[in-house]
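Please look first at the sequence and the structure below, and keep both at hand while you read the briefing that follows.

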Amino acid sequence: MLISLSDLGTSIINLMGNSDEISETQEAKVYCDKSVMILLPEWKGILGRSLSGPRAISDFTGLKEREITEVCKRYPALINPYYLSLVKEKNDPIYKQCIPSKEELSDDFGQEDPLHEDPEHQKRLGVPSLVTHRYPDRILFRVSNQCAMYCRFCTRKRKVGDVNKQPTWKEILQALDYIRAHEEIRDVLLSGGDPLMLNDVLLEKIIKEVHFILRNRKNSIIRIGTRMPCVLPQRITPELCAMFKRYHPLYINTHFNHPNEITPESRRACEMLADHGIPVGSQSVLLKGVNDDPEVMKELMQGLVSMRVRPYYIYQADPVKGTNHFRTRVEKGQEIYRAIRGHTSGLCVPTYVIDAPDGGGKVPAIPSYIQEITYEKVVMRNFEGNLHEYPQIK
Ligand code: SF4
C-alpha cells in the first residue's frame with residue numbers, strides 16, 4: 001500500500017503491505033526488509049512507484065513481456081511515474097527516451113564505452129575506478145550508477161542500473177585521495193549515473209570533502225551532472241538547494257531533450273536552484289525521432305532560458321552499442337544549429353559538439369559562417385544567408 005502526501009512534501013510507505021508495489025531500487029529493498037512504516041521524502045515515494053519489471057512495462061505499453069525481459073536483462077529499465085506521466089502517446093519523444101525497445105539488442109554498431117571512460121582506457125597511471133581524468137585541470141567523478149529513469153540512449157548504458165557496479169564507499173575514498181594528491185585538479189564534476197540518487201547526507205559528505213580539498217586551489221569549482229530537474233524534479237528541494245549553497249561555487253549541469261519535459265514541476269526545480277544562486281546549464285543530445293527538428297530544438301532552448309537554465313551543449317549522439325537507432329547524421333545537427341543561431345537570442349544557442357570517439361574530447365561541430373579570410377578582408381555569410389565583408393586591420 002502506498003500513500004502519497006505530496007502536500008506535506010513526504011510520502012509514507014507501508015512496507016508490510018503489498019510488496020509488489022515496492023520498487024526494485026536498492027534503497028526500497030532495504031526498507032522492505034525492515035517491514036516498518038517509514039517516512040520518506042516525496043521524491044523517494046515517487047521513485048518507489050517506478051515501472052521497472054518487464055510485466056509492468058508490458059502492461060503499460062502493450063509490448064510483449066518476453067521482448068522487454070530480453071532487453072532489460074542487458075540494459076535495465078526504470079521509469080518513475082512523474083516522467084511516465086509526460087508520455088502523451090506511444091512512440092512520442094518522451095516514450096522513446098524511456099521505454100525499452102528490441103532495437104537495443106539488434107543495434108550492434110558502436111562500442112560499449114566509446115568515450116573511453118573506463119579504467120582500462122586511462123592514459124594516466126593510478127587513476128581510481130570512479131574517476132576519468134582526461135583533461136589536465138578537471139576530472140569526472142562517478143559517485144552513483146543509479147538514475148531516476150534509465151534513458152535508452154545513455155552513453156553509459158553499459159553500467160547504469162547494474163547493482164553490481166554501484167560505487168562502494170572504499171572506491172569513493174580512493175577517488176577523494178586521488179583529488180587530494182593531484183594539485184592540478186581544480187574542477188570536479190560529480191556524475192554517475194545520477195549523483196542526486198544519493199541521499200542528502202551522503203551527497204553532502206562527498207561534496208563537503210571535495211570542497212575542502214579544493215579550497216586553496218585557484219579558481220576551483222564543483223559541478224554536478226544530474227538529470228533530476230528534468231526526470232524527477234521533486235528531487236530538488238529547499239533543503240537540497242540550501243546544502244548546495246554551502247559549497248559555492250557549485251554549478252548544476254542538467255539535461256533536457258524535448259520541450260514536453262518543461263513542465264510546472266521542472267520549472268519550479270530549476271527556478272529554486274537559480275534562487276539559491278546555483279548556475280544551471282543544460283545539455284541536450286540530438287536524438288532521432290525525439291528532437292531532430294529545428295523548431296523543436298528552438299522551442300526547447302527558449303523554454304530552458306525562460307526558466308533561467310543556460311543551454312550549453314547539443315551533443316551529437318555517441319556511437320554507443322545498443323543506441324544506433326537514435327543517431328542522426330551530423331548535417332542534421334548543423335541544420336538545427338543554423339536554424340537557431342541568429343533566429344533567436346544568443347543566450348539560447350548552445351555549442352553543437354561531437355564527443356570524439358576513443359576519448360578524443362569534445363570537438364565543436366558548428367557550421368562555418370566564414371567564407372574567406374584574406375589579408376584585406378573576411379567574407380562571411382550571416383544567419384539570413386547574405387554575404388558581408390569585414391575589413392581587416394593592416
Ligand atoms: S540520467 Fe544520465 S546517466 Fe542516467 S541513464 Fe539518463 S543519460 Fe544515462
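Helices (H or I, at least four residues) and strands (E, at least two) are DSSP runs, numbered from the N terminus, and two strands pair if DSSP finds at least two bridges between them. This is a predicted model, in which local features need pLDDT of at least 70 and side-chain atom pairs count only at pLDDT 80 or more, while totals for chains, interfaces and linings use all residues. Residues are numbered from 1 along each chain as its sequence is written.

**Domains**

- The protein chain is divided into domain 1, residues 1-49, and domain 2, residues 119-364, with bounds that come from an automatic or database domain assignment.
- Seven residues of domain 1 are in contact with eight residues of domain 2, where contact means that the C-beta atoms of two residues, placed from the backbone, lie within 7 Å.
- On the side of domain 1 that touches domain 2, helix H2 (residues 42-47) gives the most, with four residues.
- The residues on that side of domain 1 divide into four nonpolar, two polar and one charged; here Ala, Val, Leu, Ile, Met, Phe, Trp, Tyr, Cys and Pro count as nonpolar, Asp, Glu, Lys and Arg as charged, and the others, Gly among them, as polar.

**The sheet of nine strands**

- Nine strands form an open sheet with mixed pairing, and their order is S4-S5-S6-S7-S8-S9-S10-S11-S12.
- The edge strands of this sheet are S4 (131-135) and S12 (361-364), each of which pairs on one side only.
- Neighbouring strands of this sheet are turned by 30 degrees against each other on average, direction ignored; the axes are lines fitted to C-alpha atoms, for helices over the stretch in contact, and angles run from 0 to 180 degrees between N-to-C directions.
- Within the sheet, strand S5 (residues 138-142) and strand S6 (residues 187-191) run parallel and are joined by five bridges, and Arg142 has Ser191 in S6 as its bridge partner.

**The sheet of three strands**

- Three strands form an open sheet in the order S13-S14-S15, with antiparallel pairing, and its edge strands, S13 and S15, each pair on one side only.
- From one strand to the next, the twist of this sheet averages 20 degrees.
- Strand S13 (residues 370-373) and strand S14 (residues 377-381) run antiparallel and are joined by three bridges, and the two form a hairpin with three residues between them.
- Ile373 has Val378 in S14 as its bridge partner.
- S14 also pairs with strand S15 (residues 387-391) in the antiparallel sense, over five bridges; Val379 has Glu389 as its partner in S15, and Lys377 stands opposite Pro391.
- S14 and S15 form a hairpin with five residues between them, and Gly385 in the turn has a positive phi of about 90 degrees.

**Around the ligand**

- The residues around the ligand are Cys147, Tyr150, Cys151, Cys154, Arg156, Val160, Gly192, Gly193, Asp194 and Arg227, a residue being near a molecule or strand if its C-beta atom, placed from the backbone, lies within 6 Å of it.
- This shell divides into five nonpolar, two polar and three charged residues.
- Gly192 and Gly193 are joined by a cis peptide bond, with omega about 10 degrees, and Gly193 is found in the loop between S6 and helix H9 (200-214).

**Backbone details in loops**

- Most residues other than glycine have a negative phi, and most peptide bonds are trans.
- The peptide bond from His248 to Pro249 is cis, with omega near 0 degrees, and Pro249 is found in the loop between helix H11 (238-245) and strand S8 (250-255).
- Asn219, a residue other than glycine, has a positive phi near 55 degrees and lies in the loop between H9 and strand S7 (221-225).
- Asn219 is classed as exposed because 9 other C-beta atoms lie within 10 Å; a residue is buried if 20 or more other C-beta atoms lie within 10 Å of its own, exposed if 12 or fewer, and partly exposed in between, with C-beta atoms placed from the backbone.
- Arg308 is not a glycine either, yet its phi is positive at about 65 degrees, and Arg308 is found in the loop between helix H13 (294-306) and strand S10 (309-316).
- With 14 other C-beta atoms within 10 Å, Arg308 is partly exposed.

**Lys88**

- Lys88 lies in the loop between helix H5 (81-84) and helix H6 (93-98), and Lys88 counts as exposed because 10 other C-beta atoms lie within 10 Å.
- Lys88 and Thr254 are 166 residues apart along the chain, and their C-alpha atoms are separated by 23 Å.
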